[in-house]
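Open the structure in your viewer and keep the selection tool ready. This tour tells you what to pick next and what is there.

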Amino acid sequence: MKRLREGIEEYPKYVMYYKGEKAGHRGVGFLVKASLKNNIQEFVSLNDRIAVLNILLPGYPEQWTLIQIYAPTEQADETETELFYNTLADHIRNNQNKNTIVMGDFNAQIGTRQANEDIIIGKHGHGKRSVNVQRLAEFLMENNLYLMNYKFKKKTKWTWVSSDGKTRNEIDYILSNNPKTFVDVDIIQNLNFNTNHRMVRGTLLPKNIKKSRKHIHKTTGKDFKHVNLQEVKTKINSLDKNETNKTLHITEQYNSLELQLTSSVSNIQQNGKK
């Protein structure tokens with residue numbers, strides 16, 4: 001977000017925070033849905049490469065710390081790179097939070113996972129490593145963070161394209177010290193925005209999701225004597241073969257499956273009462 005100075009602007013659909021020190025260069029920020037405005041605890045600017053948002057997310061009683069970054073490129077002086085990672089690490093250590101996400105442009109290509117990196121990097125990486133990766137890998141290890149992009153298998157992973165369209169690299173990542181809360185990380189391929197980056201989206205599973213299903217009737221053997229099991233099986237198989245369903249986000253696929261199962265259970269209960 002290359003905006004000069006620091007500010008907060010409110011719009012009908014979102015709240016925008018930005019921090020920039022040099023016009024057209026670097027800069028970081030956040031866009032927060034207007035519906036979450038009252039959940040915002042604070043915005044903190046460390047510099048024009050690191051910004052912090054502390055926020056209460058729906059379904060989580062504990063605060064989340066979201067850190068947006070823009071790392072130095074491989075052409076940057078080594079001192080600048082070290083200063084960036086040291087500043088970032090100091091903030092994480094001094095403000096320990098079990099729900100932390102670090103995200104943004106790391107200007108580094110992780111590539112395929114190396115030996116002894118299974119606790120910080122998933123198995124679905126690919127390609128070669130760039131020079132900047134060693135410092136990023138050390139940062140992950142030192143701060144107990146996991147690179148979420150490679151936790152989930154995806155067909156397309158590149159997040160940046162050169163101005164001539166000939167070079168595509170994956171340099172934008174989501175890191176977290178709480179990887180179990182993620183149900184998906186994917187790339188938004190058709191975002192209508194003037195940038196040569198593609199947005200990386202992480203999806204969290206709310207902790208209270210189980211509470212919404214506790215009222216569902218528990219079926220017994222008697223409930224199934226009138227049900228056509230082949231009909232239920234056919235419905236589920238149709239979801240797997242439906243090409244439109246495969247293009248849906250994982251959360252939408254889950255909702256579709258849940259609807260089919262709930263409908264089947266309802267039919268079982270009605271047939272059992274006849």
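Select Glu80 first. At 27% relative accessibility, Glu80 counts as partly exposed, because that class lies between buried (under 20% relative accessible area) and exposed (over 50%), with a 1.4 Å probe and protein chains only. This is a predicted model, where local features need pLDDT of at least 70 and side-chain atom pairs count only at pLDDT 80 or more, while totals for chains, interfaces and linings use all residues. Residues are numbered from 1 along each chain as its sequence is written, and side-chain values use heavy atoms, leaving out hydrogens and water.

**Salt bridges**

The term needs a side-chain nitrogen of Lys or Arg within 4 Å of a carboxyl oxygen of Asp or Glu. Arg49 sits in the loop between E4 and E5, Glu80 in helix H1, and 31 residues separate them. Helices (H or I, at least four residues) and strands (E, at least two) are DSSP runs, numbered from the N terminus. Is Arg49 buried or exposed? Arg49 is buried, at 10% relative accessibility.

Next, pick Glu62 and Lys98. Their side chains form a salt bridge of 3.5 Å, N to O. Glu62 lies in the loop between E5 and E6, and Lys98 in the loop between H1 and E7, 36 residues apart. Glu62 is partly exposed at 24%; Lys98 is exposed at 52%.

Stay with H1 and select Arg93 and Asp90. They form a salt bridge of 2.8 Å, N to O. Both lie in helix H1, 3 residues apart, about one turn of the helix. Arg93 has a relative accessible area of 42% and is partly exposed. Asp90 is partly exposed too, at 36%. Then select Glu82, Arg135 and Glu138: salt bridges that share partners join them into one network.

**The sheet**

Show the strands. An open sheet of 6 strands runs in the order E4-E5-E6-E7-E11-E8, with mixed pairing. Its edge strands are E4 (40–47) and E8 (146–147), each pairing on one side only. Two strands pair if DSSP finds at least two bridges between them. E4 and E5 (residues 50–55) have 6 bridges and pair in the antiparallel sense.

Colour H1 (residues 78–94). It lies across E4, E5, E6 (64–70) and E7 (100–105), at about 175° to E6. Such angles run from 0 to 180 degrees between N-to-C directions, and axes are lines fitted to C-alpha atoms, for helices over the stretch in contact. Contact means heavy atoms within 4.5 Å.

Move to H2 (residues 133–142). This helix lies across E8 and E11 (172–176), at about 20° to E11.

**Aromatic pairs**

How many aromatic pairs are there? The count is 8. Rings of Phe, Tyr and Trp (its six-membered ring) pair if their centres lie within 6.5 Å; planes under 30 degrees apart are stacked, over 60 edge-to-face, and the rest tilted. Select Tyr17 and Phe43: a stacked pair, 4.7 Å centre to centre, with 5° between the planes. Tyr17 is in strand E2 (residues 14–20) and Phe43 in strand E4, 26 residues apart. Tyr17 is buried at 2%, and Phe43 is buried at 17%.

Finish with Tyr85 and Phe139. They form a tilted pair, 5.5 Å centre to centre, with 55° between the planes. The pair links helix H1 to helix H2, 54 residues apart. Tyr85 is buried at 2%, and Phe139 at 0%.
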